[in-house]
Amino acid sequence: MSGALIRILAMALKELAVVLRDRRVMTTLVASPVIQLVLFGLATTLEVKNVSLGVVNRDVGVASEQFLAAVAATRNVGEVIVYANEKALGEAIEQREVLGGLILPPDLSTRVARGEGGEIGLLLDGRRVNAAQIVTAYISEIAATTGMALRPAGPTPDLVVRNWYNPNLDYSWFTLPGMIAVITTVLVLSVSVQAIAREREFGTYDQLMALPMRHWEILLGKAVPAFVVGLFNGSFYVVMVAWLSDVPFLGSYPLLVLAIAAFSLAVSAIGLAISSIAGNQQQAFLGGFLVIVPMILLSGYASPIDGMPAWLQPIAAVDPLSHLLAICHGVFLKDLPPAVIVDHIWPMLLVAVVALVLGHGLLRRRSN
Amino acid sequence: MAEAPLLRLEGVSKRFKGARRRAPPVEALRGVSLSLAPGRRLGLVGPDAGGKTTLMRILAGLVTSDAGMVELLGAPPEQLDRSEVGYMPQGGALYGELTVRQNLELYARLRGVEPADSPERMEHLYRLTGLAPFQDRAASKLSGGMRQKLAMACAVVAAPRLLLLDEPSVGVDPVSRQEIWQLAMDLSGPGTSLVWTTNILEDAARCDEIVLLHEGEIRYHGPPQGLAGGAEGRCFSRQLPQGVRRKALQDLLLDPGVISGRIEGAQLHALTRQPRIPAGSGWKPVAARPDEGFATMLDDGAALQPSALAEAFPLRFDQPDQPAIAAIGLTRRYGDFIAAQDISFSVRPGEIFGLLGPNGAGKSTTFRMLCGLATPSHGRGTVAGRDLSVARAEARQALGYMPQKFSLYGDLSVAANLRFVAGAYGLTGAMQKAAIDRIIAALGLEPFLDSAAGLLPLGVKQRLALGAAVLHTPPVLFLDEPTSGVDPLVRREFWHHINAIAARGTAVLVTTHFMDEAENCDRVLVINRSQTIAQGTPDELRRAIPGGKVAPSLEAAFFSLIDTQRRALAEVEA
């Protein structure tokens with residue numbers, strides 16, 4: 001065995017022992033991710049269920065009757081409360097009694113019957129922008145269906161919506177594979193970001209510097225525990241989600257594990273680069289926080305990358321999390337072809353190399 | 001007794017859970033009875049893990065005893081008014097990021113003194129500690145001596161009736177040690193009682209009474225001079241033969257009838273187990289010192305064996321004239337501040353070279369430049385013929401480094417630490433195992449193998465650190481205050497190993513604050529205010545003082561040399 005390999009191995013074993021010896025760390029690494037996976041998987045849904053809506057109905061015809069019946073019947077709307085006028089409705093929105101209100105004009109049924117098409121007013125609470133948008137979509141759909149049914153004559157246009165890969169638009173099919181990637185990010189970063197900062201804080205850094213270890217040997221050795229944690233936990237979550245939830249698993253498990261490996265390497269390298277400049281564990285933790293929030297925001301987990309400004313999209317493209325997310329969703333919900341997976345893996349490896357080179361430079365500069 | 005005692009302990013015991021599961025509990029204190037009258041100063045001495053710190057924590061009301069009676073300031077511990085007790089824990093309890101002023105004012109408020117209401121008290125503290133010019137400096141940027149003074153000022157800010165100082169002079173140079181003692185005297189009022197724990201008998205001997213705590217029991221309580229009584233009739237000295245100083249000491253220590261020995265000037269001193277002259281000729285009986293009484297009481301009767309640690313070192317006398325360590329005009333600047341200026345010296349194979357100087361003088365900076373931990377601004381250093389600026393990793397492979405502060409991994413076991421260091425030096429498989437087994441056997445680490453290194457007693461920590469530094473039997477050994485804070489018997493054991501390792505042809509560079517350790521060096525360099533002020537054998541240093549006289553001791557020479565430089569610099573400035 002070459003000298004460098006022996007030294008890297010010694011460092012890796014020592015780092016693993018440090019991580020594994022601490023019982024609290026073990027709890028953080030094993031128990032809490034499982035709890036998080038379950039909690040987040042259930043809680044971070046963007047569906048709107050059981051909202052209350054208000055109604056000011058000035059129409060007495062069949063159109064309003066059918067429309068309101070359709071609204072009340074959907075599982076997204078819980079209660080429909082009738083208000084006498086717009087002012088009362090406005091106060092109800094102000095008091096957050098209802099998310100929004102429908103205003104049905106007196107001539108609604110007449111106009112629909114004449115085939116002119118009716119107009120319905122929808123007032124929404126802009127403070128709850130996400131829910132408001134989603135409710136808008138629901139209401140538009142109901143209005144369209146109701147209008148279609150009430151058209152006096154003529155063939156109804158044949159519009160059939162089919163959602164590929166997730167036919168019932170079940171939200172957990174999107175969140176659960178995504179959670180695997182997000183929780184792996186948090187774990188790998190929190191392990192790697194402490195690695196060098198801990199040595200500085202505990203005063204062991206001097207002894208380390210007096211040993212015949214090169215900076216890159218230190219970095220590689222220290223990357224091992226975070227890498228192992230990411231690879232092990234990530235692969236384990238995939239099994240858990242595929243086995244315990246009803247999310248289908250259609251792709252290749254080995255390829256997904258390979259992607260998780262590349263991802264863990266990239267995030268470990270980012271964590272080590274932060275750790276190289278941190279003076280103590282607190283700074284390292286804050287530095288990790290500074291990176292993890294944009295990483296998740298830019299990954300497409302919370303909001304689609306296509307919706308971001310054009311200048312932001314290239315930054316999202318170097319976010320390793322965006323690539324793992326794409327692979328995770330692809331491997332779970334459809335059998336993502338290997339070539340596409342490879343296209344997502346090499347940018348992660350590139351990030352790993354760049355971050356390691358950067359970390360090496362920072363470590364060298366700080367030790368002089 | 002005219003006055004009620006400030007402290008009264010009767011039959012106090014305390015045990016702690018064993019470090020390992022199923023390990024027997026540790027009996028930190030066993031039936032300790034003690035009382036201290038107002039205005040008395042008590043020196044608390046004893047070996048590492050002897051129970052000193054536990055006793056201090058009981059006196060401070062921080063730990064409750066398992067059995068026995070404790071009375072602090074005339075009341076049970078739970079009724080103790082903590083502002084009446086000034087407790088300075090080991091190493092102080094300063095906030096490194098806060099400035100001197102912020103630390104002092106924080107502790108003042110915590111003890112119920114509003115700094116703005118008592119400016120004269122604060123002024124008084126700044127003046128006595130000499131910290132007035134450094135009020136805005138972060139505590140972590142102070143030198144060791146100044147830090148201890150600040151910690152002490154924080155402990156006494158509310159003028160307590162009882163002052164508890166746990167190892168206030170550990171790791172501090174002789175000049176600062178005197179100042180710290182003086183500071184404690186100045187800060188304590190006439191009715192203030194003082195408890196001072198230390199491993200340095202000279203400090204303890206300045207107290208009114210000494211308590212020696214060993215294995216949780218009081219082995220001696222009485223006046224300092226009485227401690228020396230135990231060694232009376234067993235102390236001898238003789239003229240050292242020229243040129244073989246260390247060899248003579250080494251031979252003496254291997255004599256089974258000898259507890260310890262030391263070199264002082266041209267004399268070799270011996271302390272024997274029986275009141276009998278040691279082997280050899282020319283021995284004369286001399287008066288015993290308190291530290292010799294201390295050593296007699298700690299003695300476990302086991303004779304020192306030839307150092308197994310050294311036997312693994314290859315003999316390295318093939319190039320006796322090539323320097324193993326060379327410093328060539330080493331200079332280090334931090335901004336405007338020059339930490340070390342134009343330091344040059346060289347160490348031959350087999351030579352022990354001592355770096356002496358007050359805290360903050362530039363000793364550590366010089367040391368760090370030679371181990372590759374700091375890059376020189378000018379000049380260069382070589383280790384075992386390798387230039388540190390171009391072949392840093394190769395140079396590091398050739399050196400063993402024992403830092404001043406324990407720097408191994410506290411969470412990891414002793415065995416895991418040794419495996420890591422061995423791997424870092426490129427040792428694997430059978431070679432690694434052999435090296436580790438050798439260290440464990442030679443340093444008696446077997447009982448601690450599975451213990452977390454951070455929880456070990458100081459003396460064992462230091463042994464582990466020494467073991468880690470010599471795992472790969474390097475040609476060059478760097479020891480930064482290797483014996484700071486350890487008891488006399490551990491110190492004896494350490495120097496026994498160091499001498500034996502040097503005798504194999506290993507070059508040793510050592511920093512120390514103990515003058516008897518400096519006497520054990522072949523040559524010594526004294527640094528003060530970033531500059532070399534003297535270099536030579538201990539004997540040459542004693543003759544280097546101005547006025548053509550010979551200093552009576554190395555310590556006197558040290559003080560005189562520093563004072564001479566101070567006056568010369570003052571003249572230049574004037």
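Modeller: Here is the predicted model, and your questions can start with a strand of chain A.

Colleague: Which residue is the bridge partner of Gly100(A) in β4(A)?

Modeller: β3(A) runs parallel to β1 (residues 51–57) of chain A, with 5 bridges. There, Val56(A) partners Ile103(A). With β4 (residues 121–124) of chain A, β3(A) runs antiparallel, over 4 bridges. In β4(A), the partner of Gly100(A) is Leu124(A).

Colleague: Now chain B. Which are the edge strands of the open sheet?

Modeller: The sheet has 6 strands, in the order β19-β20-β21-β16-β22-β23, with mixed pairing. Each edge strand pairs on one side only. They are β19 (399–402) and β23 (531–536) of chain B.

Colleague: Which residue in β21(B) stands opposite Leu477(B)?

Modeller: β20 (residues 476–480) and β21 (residues 507–511) of chain B pair in the parallel sense, over 5 bridges. Opposite Leu477(B) stands Val508(B).

Colleague: What angle does the direction of helix α19 make with that of β22(B)?

Modeller: Another helix, α15 (residues 458–470) of chain B, lies across β19 and β20, at about 165 degrees to β19(B). Helix α19 (residues 554–573) of chain B touches β16, β22 and β23. Its direction and that of β22(B) make about 40 degrees.

Terms used
Residues are numbered from 1 along each chain as its sequence is written. Chains are lettered from A and ligands numbered from 1 in the order in which they are written. This is a predicted model: local features need pLDDT of at least 70, side-chain atom pairs count only at pLDDT 80 or more; totals for chains, interfaces and linings use all residues. Two strands pair if DSSP finds at least two bridges between them. Helices (H or I, at least four residues) and strands (E, at least two) are DSSP runs, numbered from the N terminus. Two residues are in contact if their C-beta atoms, placed from the backbone, lie within 7 Å. Axes are lines fitted to C-alpha atoms, for helices over the stretch in contact, and angles run from 0 to 180 degrees between N-to-C directions.
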